[in-house]
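Here is a set of questions and answers for reading one protein model step by step. Please keep the sequence and the structure in view as you go.

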Amino acid sequence: MPSVDDVAAILPRISIDMATYVHSFLTDTSTSRTDVDAMVEFVGPVLESEDVHMDEVELDQACRALLATLELENHARKDALVDLDEPRRIAPVSTATPSARPSKSPDARSRAKSPPSKSRAAKSAGKTSSKGTSSPTTEKAAPPALEKEGSASGLDGQDADIVVTTQVSRFWLDSFDPDSTEIDLPGVQVIVDGRELLKSSRLRLKQGVRYALCGRNGVGKTTLMRAIGNGTMIGFPRNIRVLYLEQEASLANTDQNVVASVVASDKERARIMHESKLLEAAIKEGGDATSKAYREIVAEHAEAERLIAWQNAEKRSGARGWDARKVLLIKEAAANAAKRTAKEGVDDIAADIEAAHEMLNKLYEDQAEINAEEAKHRAVKILEGLGFDEEKRNSTISELSGGWRMRLALAQALFLNPDLLLLDEPTNHLDLPSTLWLQEYLKTTTSTILLVSHDVNFLNSVCNEIIHFFEQTLTYFPGTYDEFIKFRDEKRQMKQHQQEVYDKKKKHMEKSIENALKAARAHNDDKKLAQAASRKKAIEKLGPTHYDSGKRFKQSYHAGYHLTEGLGIEQVAEDEEVTMKIPSPESKIRNNTDLIQVDGLWFRYSADDDWVLKNVEMGLPQGCRVGVIGANGSGKSTLLQLILGILTPTKGHVNRNPAIRIGYFAQHQVESLPTGTISPLTFMKQRHPDLSEGDLRGCMSGVGLPSFAHTSQTISSLSGGQKSRLALADVLASKPHLLVLDEITNHLDLWTIQGLAEALKETAKDVGILIVSHDVRFVREVCEQVWVVSNCAVRRLDEGLDEYVKTLQKAVKKGRKV
């Protein structure tokens, strides 16, 4: 039954006494309240007595809204069962920018006239459980929080059908705590194109904890984060502000200043500042201007509430759907009334002027709460930490490259400081100093963090709990990534030892049974037969006496307790090891001959530009294992292009062995792969027509690309890690003498990186390796010597990589520019 407040919202310009009078008319069971004309005859004189003027259309709409709330109430009362939410196509909603408001929302009144088909709801939802219900939502892979360029389809792509379900109590809203930012959702299930990626797992994120989501490429890490970030998971707490930064998120090409774009990313702050300026100017002008500005702001707030109500009504069905539509009717009526008064104005503006002053005072309080004056200073600090110098900060977004736009998107995410921050490979476009700054910054934030990263050092430094996405389940482990791996190895060894002890004991008992049976047959000894039978039963019950949790095992505690089997020893499932193979070159180069020799190299792009590199002296002998590190913009990529012959030295020489064949994996190699319906095998045939299909398949399998993906999947449907493997297979197909790898770990998972590192270490000494990477552990494991590019010079790191990293960390912690 509508309340007095509901009536006041539909008829906003009447007094509370008259609203109470109308409410009593609606609640009078002796009165016929189903005829629109009768309602108009009653409400019309009430409005006239209040000096409220409505035309015939507006009056008819208001009366129908009042009647519709009654119809909704009656339907909800008749429908005793709480139906599940049926799968719906949800319009994409950005979490970092305001939702685009639809030009027209569906007509709630037309939907409210008849209840939904019971069979249709039952088909989509199944039976209702008294313990909990499964609440599914379906999305067409909504876009990321920040506009994405060149995203792949498939498991994590934009063209996949994604179904997300959660098991929540029918009364979960009653137990909802609006002051808590913790998340605990049971029975989370994710299905992509009919394939189940996550099976009835608990999603538990505690307030302020920094989680690392670990799993192999393609298991569904990005899909799960996208479902959370795009707000399509029913049951997810609505009071939690979530921001999802995708792996390759980017910003629109605009002429907005970099610093201004970071400050403007906080839409709540932008709203407060805009409304404050609007009211200040209107109050200064006085009179009707104050009333008009106040009414415009009220209308904007009412429209925002209407949009939220419409989104909720679109997601709900059954009894909850009717309740949501009832709220939508009230919000629509309030929004329409607010728009009308904003357009037409009111006769008595004194109340509006007083309300405007109160609203402005509240906005000043909000400004103080969000510390609006310090916003620009905080934005500059974040940008500096991510490597933006003064020139970059004063530039516009349109002047930034794709990598710098990704950094800017990360800066906006950090500036917003949401309750839950979802980061997918945030270090991909960062150099080592920026990565070190980011890990220190994330440790100081109050946000709950869920991140995916391939950098083990970064995970160990930032995260204090691991979520292992393995075999369609989520497993939680408190501690760092290294502690998680150590614990799993120790547990695996313990289980193997338990199994060995069990097998040994079982073999001994079987031997004793065999001996007892022999003795019983030889001497016709019934006692020996009884002893053998008893030991047979003991073997059936053989096994651990306690669970891993420490609880004692008793067969009668479980269904099927009449069985005699004991508790088996469950071995720890482990991720399959990734094995890769780097081929040796077919043609050999004469011994004791350098592959590359750089002598007195100087380089600048033009005579008017500053020097990028000065007096560089270095050599790359056969079988070298060299790593190159340095800040972005220091000249690493320029050095590689000079070595590869893409650029020509301004002074000096780069001498390449005439027989050398170079394989180059560029930083953006994955983005250069073709899209469309082409398969990996077809792509490899086009790139290497002289090789047989068997050789090409061997190249792809040699880098861990599964055989079923060679022809049955398109390149666009591969995950980021699988695309990276395909690009590496393309490079290795030529069997190079020198393998140049520029940020190859960006799209690979932790297990694949480990497998690649092992393969590179075991590569024959007739293959030289030159690596550019910000992944400290990867460089440490593979490279025998490390070179640093800084201040236009290239020097060998004699003090060791770890000492260099410690020096950078000290500078970052002290706030010094690295």
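Q: What is the handedness of the crossing of H9 and H12?
A: The model is a predicted one, and in it the axes of helix H9 (residues 267-285) and helix H12 (residues 350-370) come within 10 Å and cross at roughly 145°. The crossing of these two helices, H9 and H12, is left-handed.

Q: How many nonpolar residues are there in the contact of H9 with H12?
A: On the side of H9 the contact includes Ile272, Met273, Leu279 and Ile283, and on the side of H12 it includes Ala356, Met359, Leu360 and Leu363. Sorted by class, the contact of H9 with H12 has 5 charged residues, 3 polar ones and, as the number asked for, 10 nonpolar.

Q: Which word describes how H15 and H16 lie to each other, roughly parallel or roughly antiparallel?
A: Helix H15 (residues 402-416) packs against helix H16 (residues 432-442) with the axes 13 Å apart and at an angle of about 15°. Angles under 35 degrees count as roughly parallel. H15 and H16 are therefore roughly parallel.

Q: How many residues in the contact of H15 with H16 are nonpolar?
A: The crossing of H15 and H16 is left-handed. Arg407, Leu410 and Leu414 of H15 make the contact with Ser434, Trp437, Leu438, Tyr441 and Leu442 of H16. By class, the contact of H15 with H16 has 1 charged residue, 1 polar residue and, for the class asked about, 6 nonpolar.

Q: Which residues in H23 meet residues in H21?
A: The axes of helix H21 (residues 680-687) and helix H23 (residues 720-732) come within 11 Å and cross at roughly 25°, and the two helices are therefore roughly parallel to each other. H21 passes H23 in a right-handed crossing. From H21, the residues Pro680, Phe683, Met684 and Arg687 take part, and in H23 they meet Leu726, Ala729 and Asp730.

Q: How many charged residues are in the contact of H21 with H23?
A: Arg687 in H21 and Asp730 in H23 are among the residues that meet there. The contact of H21 with H23 has 5 nonpolar residues and no polar ones, and its charged residues number 2.

Q: Is threonine 677 buried or exposed?
A: Threonine 677 lies in the loop between strand E15 (662-665) and H21. Its C-alpha atom is separated by 5.3 Å from that of threonine 714, a residue 37 residues apart from it along the chain. Because its relative accessibility is 74%, threonine 677 counts as exposed.

Q: Why does valine 46 count as buried?
A: Valine 46 is found in helix H3 (residues 36-49), and, leaving aside neighbours within four places in sequence, valine 46 is in contact with Met18, Tyr21 and Val22. Valine 46 and isoleucine 14 are 32 residues apart in sequence and 8.5 Å apart in space, C-alpha to C-alpha. Buried means under 20% relative accessible area. Valine 46 counts as buried because its relative accessibility is 6%.

Q: What is the phi of serine 200, which is not a glycine?
A: The place of serine 200 is in strand E4 (residues 195-205), and serine 200 is exposed, with a relative accessible area of 54%. Although serine 200 is not a glycine, its phi is positive, at about 45°.

Q: What is the phi of asparagine 615, which is not a glycine?
A: Asparagine 615 is found in strand E12 (residues 613-620), and at 46% relative accessibility it counts as partly exposed. Although asparagine 615 is not a glycine, its phi is positive, at about 50°.

Q: What percentage of the residues of the protein count as buried?
A: The secondary structure of the protein comes to 26 helices and 19 strands. The protein exposes about 39700 Å², of which carbon and sulfur atoms supply 49%. Of its 818 residues, the share that count as buried is 50%.

Note on methods:
Residues numbered from 1 in each chain as written. Predicted model: local features only at pLDDT ≥ 70, side-chain atom pairs only at ≥ 80, totals over all residues. Heavy atoms only, no water. Axes fitted to C-alpha atoms, helices over the stretch in contact; angles between N-to-C directions. Helix = DSSP H or I, 4+ residues; strand = E, 2+ residues; numbered from the N terminus. Parallel < 35°, antiparallel > 145°, perpendicular 65-115°, else oblique. Left-handed = near helix turned anticlockwise from the far one by under 90°. Contact = heavy atoms within 4.5 Å. Nonpolar A, V, L, I, M, F, W, Y, C, P; charged D, E, K, R; others polar. Buried < 20%, exposed > 50% of the residue type's maximum accessible area, 1.4 Å probe, protein only. Areas by Shrake-Rupley, 256 points an atom, 1.4 Å probe, with all protein chains shown as cover.
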